[in-house]
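Open the model in your viewer and keep the selection tool ready. The tour goes stop by stop.

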Amino acid sequence: MSTPDHPASMAAVALVVLATVLVGGFGLRISRTTSDFYVASRTVRPRLNAAAISGEYLSAASFLGIAGLVLVHGPDMLWYPVGYTAGYLVLLVFVAAPLRRSGAYTLPDFAEGRLESRQVRRLVSVFVVGAGWVYLVPQLQGAGLTLTILTGAPGWAGDVLVASVVVLAVAAGGMRSITFVQVFQYWLKLTALLVPAIFLVLAWQGDGAPRVSFDDQVSAFRADHPLYATYGLIVATFLGTMGLPHVVVRFYTSPNGRDARRTTVAVLALIGLFYLLPPVYGALGRLYAPELIHDGDADAAVLLLPARMIGGLGGDLLGALIAGGAFAAFLSTASGLTMAVAGVLTQDVLPSRGVRHFRLATVLAIAVPLGGSLLVGRVPVADAVGMAFAVSASSFCPLLVLGIWWRRLTPPGAIAGLLLGGGSALLSVAITVSGAVRPPGWPHALLAWPAVWSVPVGFLAMILVSLATPGRVPPGTNAAMSRFHLPEALTSGRAR
């Protein structure tokens, strides 16, 4: 894969970085309280919040990874955008409004408020930090890939650049700041894929509209057991969205439960619109960048197609727009994840909960995944993000669904489900990334796509252990359930 110098693309990346810092600085001017830093004082309205959620959710996996997987493995990979979108439908039905009414700042806050257990809170904190770090690594590695393609710079340069900008944006103004940043970045990402896609399709038609063929054997190497892998992907993406720490924390910023639901509906529309675009790049990559299939650089297809299909000044300008959008994807998702992890570190690890310690936690939140991205071999970004979804689906999904809808959940039950479901998924991801178990064979398939078995394990463990410990049901369960399910006007107002 060639790595030519693209001055226009470099200028676009620089403009995105500068705009991120400036918009974040605007948020700093109006961030005055601790509540501003953690949940934007719960005043973010649905349309603004939906754009911000979409901005941080559409990550490197969405911007680069889906196109790369479609390029290599064909239409079967469309389950990724379907799953990423459908996860919000599940979140809308089961979680959005009750979670906002809980009055929590973070997932550990919710766990402690519902189960009245510091032990459960500490365990949830570990999983929030772990899932956030697993998700951050591919964002940083995607940035390294992009900067390498644009300039030939070493891969670590993009990782460090994104980490540095994220620290500035998040530490400066917290949630209030990154809300504006992520709204800006959603519309930039949508424009950065939509406008070039129009010109690329026109160029394809001008070339005689050649047929895109996926009739080869590449997809056979996706997994030894493709049907199992597909189900693993579906379970992880459908159920994992509701527990992603950077997604969940944004629902705490809604004024009330009704607005949380309206926000989710708007998110479904915004991300559904975006996900129409990456498969176009994957299909065109089959025609105009087929060597990427075997080079292991399929994630680069989105970045390379304008130069391949259009060329000249037009190709350079469209490539610059895509490069800017790609960096917006890395920055927005990394900002949301860092915000969520830093909030948990401030609440549960550092000795004080003030804004100064939040800023220290921001540095810690990004430093560990930065080290991981530099040390761990690169996994296709969509696959890496899928692993984070599997961990979330196996741990937070059972906790949220049962905590919100089942009165008999007990602290021992929650701990058992988190350890057996989430712990087994996290261990599977670690073994897969380390390469200790390699394909072919069922052991690799089971570890690479663990959600099929780890999610049921999490639910069953929580239910069975809770039924075995009926005396441990928290005394405040009835009050908590009323708060979750009754409109704010009918409750005491503690959720406000």
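Is Phe199 buried, partly exposed or exposed? Select Phe199: this is a predicted model, and at 43% relative accessibility the residue counts as partly exposed, because that class lies between under 20% for buried and over 50% for exposed. Phe199 sits in helix H9, residues 155-206. Together with Phe199 they form a nonpolar patch on the surface, with about 430 Å² of accessible area.

**Zoom out**

Show the whole chain as a cartoon. You will see 22 helices and 0 strands. Of the 496 residues, 60% are buried. The protein exposes about 17800 Å², and carbon and sulfur atoms supply 68% of that area. Look at the contacts between residues at least 6 apart in sequence: 86% of them join residues at least 24 apart.

**Next stop: Ser335**

Go to helix H16, residues 312-348, and pick Ser335. This serine is buried, with a relative accessible area of 1%. Where does its side chain reach? The side chain of Ser335 reaches the backbone oxygen of Leu331 at 2.6 Å. Leaving aside residues up to four places away in sequence, Ser335 touches Val166, Val170, Ile178 and Gln182.

**Next stop: Thr263**

Move to helix H12, residues 257-274, and select Thr263. Its relative accessible area is 0%, so Thr263 is buried. The side chain of Thr263 reaches the backbone oxygen of Asp259 at 2.8 Å. Display the neighbors too: beyond four places in sequence, Thr263 touches Pro46, Asn49, Ala50, Ile53 and Ser254.

**Last stop: the salt bridges**

Side chains of opposite charge can pair when their charged atoms come close. The count here is 5 salt bridges. Select Asp109 and Arg121, whose side chains meet in one of them at 2.7 Å, N to O. The pair links distant parts of the chain: Asp109 is in helix H7 (residues 107-115), Arg121 is in helix H8 (residues 118-151), and they are 12 residues apart. Asp109 counts as buried at 14% relative accessibility. Arg121 is buried too, at 2%.

Glu112 forms a salt bridge with Arg121, the closest N and O atoms being 2.8 Å apart. Glu112 counts as partly exposed at 22% relative accessibility, and Arg118 counts as partly exposed at 40%. Through shared partners, the salt bridges join Asp109, Glu112, Arg118 and Arg121 into one network.

Terms used:
Residues numbered from 1 in each chain as written. Predicted model: local features only at pLDDT ≥ 70, side-chain atom pairs only at ≥ 80, totals over all residues. Heavy atoms only, no water. Patch = residues over 30% accessible without salt bridge, like charges linked within 9 Å, V, L, I, M, F, W, Y side chains within 5 Å. Areas by Shrake-Rupley, 256 points an atom, 1.4 Å probe, with all protein chains shown as cover. Salt bridge = Lys/Arg side-chain N within 4 Å of Asp/Glu carboxyl O. Helix = DSSP H or I, 4+ residues; strand = E, 2+ residues; numbered from the N terminus. Buried < 20%, exposed > 50% of the residue type's maximum accessible area, 1.4 Å probe, protein only. Polar contact = N/O pair within 3.5 Å; in protein donor to acceptor, adjacent residues only side chain to side chain. Contact = heavy atoms within 4.5 Å.
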